[in-house]
Amino acid sequence: MSQVNEKNMANKDHRLPSPISNPENKAFLDAAQNNQLLLKHCNACKEAHYYPRTICPHCGSDDTTWVHSAGVGEIYSYTVMRRGVEVPFAMAYVRLQEGISLLTHLTNCDFDAIRIGQKVRVIFQETQDGQKTHLFEPA
């Protein structure tokens with residue numbers, strides 16, 4: 001069992017840089033302000049995708065709509081950055097129950113206890129300018 005100390009935990013007071021808003025991701029960022037995770041879904045090929053964009057990366061269709069994500073999934077891959085950074089952090093690819101993977105930060109966890117296949121859920125945290133963004137914590 002790992003020993004828990006400040007160097008192994010996410011810093012809850014550390015705020016992430018703010019995402020850049022554009023017309024393609026505005027609805028996504030607006031939903032995050034209300035603690036909701038949206039995904040894009042293609043009506044032509046029926047595939048969900050992330051990162052939010054107008055054109056489906058699977059088939060090229062522009063017939064896409066926003067859908068709500070349950071915000072639960074499991075860790076597919078991860079890394080913990082401790083060296084060369086002011087504040088240690090963990091990033092992971094999380095595979096959502098909707099079948100897509102997204103790159104995100106992990107929080108509220110012991111970095112030494114993170115495991116592939118670990119169940120996680122979305123939470124929202126304010127960034128440096130107050131815009132909320134999604135992160136994941138152990139479920």
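How many disulfides does the structure hold? The structure holds zero disulfides, a disulfide being a pair of cysteine sulfur atoms within 2.5 Å. Cys 45 is in no disulfide, and the nearest cysteine sulfur, that of Cys 56, is 3.7 Å away. That distance is too far for a bond. Cys 45 is partly exposed, at 27%. Cys 56 is buried, at 2%.

The model is predicted: local features need pLDDT of at least 70, side-chain atom pairs count only at pLDDT 80 or more, and totals for chains, interfaces and linings use all residues. Residues are numbered from 1 along each chain as its sequence is written, and side-chain values use heavy atoms, with hydrogens and water left out.

Salt bridges were examined next. A salt bridge is a side-chain nitrogen of Lys or Arg within 4 Å of a carboxyl oxygen of Asp or Glu. By this rule, six salt bridges are found. One of them joins the side chains of Lys 26 and Asp 30, with N to O at 2.7 Å. Both residues lie in helix α1 (residues 26-33). Helices (H or I, at least four residues) and strands (E, at least two) are DSSP runs, numbered from the N terminus. Lys 26 and Asp 30 are four residues apart, about one turn of the helix. Lys 26 is partly exposed, at 45% relative accessibility. Asp 30 is partly exposed too, with a relative accessible area of 37%.

Another salt bridge connects the side chains of Glu 74 and Lys 119, at 3.0 Å from N to O. Glu 74 lies in strand β4 (residues 72-81) and Lys 119 in strand β7 (residues 119-126), so this pair ties together parts that are 45 residues apart in sequence. Glu 74 counts as partly exposed, at 25% relative accessibility.

Strand β7 also contributes Arg 121. Its side chain meets that of Glu 137 in a salt bridge of 3.0 Å, N to O. Glu 137 is buried, with a relative accessible area of 13%. Arg 121 is partly exposed, at 37%. Salt bridges with shared partners also join Glu 74, Arg 95 and Lys 119 into one network.

Arg 95 has a place in the strand pairing as well. It stands opposite Ser 101 in β6. Strand β5 (residues 89-96) and strand β6 (residues 101-106) pair in the antiparallel sense over six bridges. Two strands pair if DSSP finds at least two bridges between them. The hairpin of β5 and β6 has four residues between the strands. Within this hairpin, Gly 99 takes a positive phi near 100°.

Thr 64 is found in strand β3 (residues 64-68). It counts as buried, at 14% relative accessibility. A polar atom of the Thr 64 side chain lies 3.0 Å from the backbone oxygen of Thr 54. Contact means heavy atoms within 4.5 Å. Leaving aside neighbours within four places in sequence, Thr 64 is in contact with several residues, including His 41, His 49, Thr 54 and Cys 56.

Aromatic rings were then compared. Rings of Phe, Tyr and Trp (its six-membered ring) pair if their centres lie within 6.5 Å; planes under 30 degrees apart count as stacked, over 60 as edge-to-face and the rest as tilted. A search of the whole structure finds three aromatic pairs. In one of these, the rings of Phe 28 and Trp 66 have centres 6.4 Å apart and planes at 25°, so the pair is stacked. Phe 28 lies in helix α1 and Trp 66 in strand β3, so the pair ties together parts that are 38 residues apart in sequence. Phe 28 is buried, at 7% relative accessibility. Trp 66 is partly exposed, with a relative accessible area of 27%.

Tyr 50 and Tyr 51 form an edge-to-face pair, 5.7 Å centre to centre with 75° between the planes. Tyr 51 is partly exposed, at 39%. Phe 28, Tyr 50, Tyr 51 and Trp 66 form one aromatic cluster.

Technical notes:
Buried means under 20% relative accessible area, exposed over 50%, partly exposed in between (1.4 Å probe, protein chains only). A polar contact is a pair of N or O atoms within 3.5 Å; within protein, one must be able to donate a hydrogen and the other to accept it, and residues adjacent in sequence count only if both atoms are side-chain atoms.
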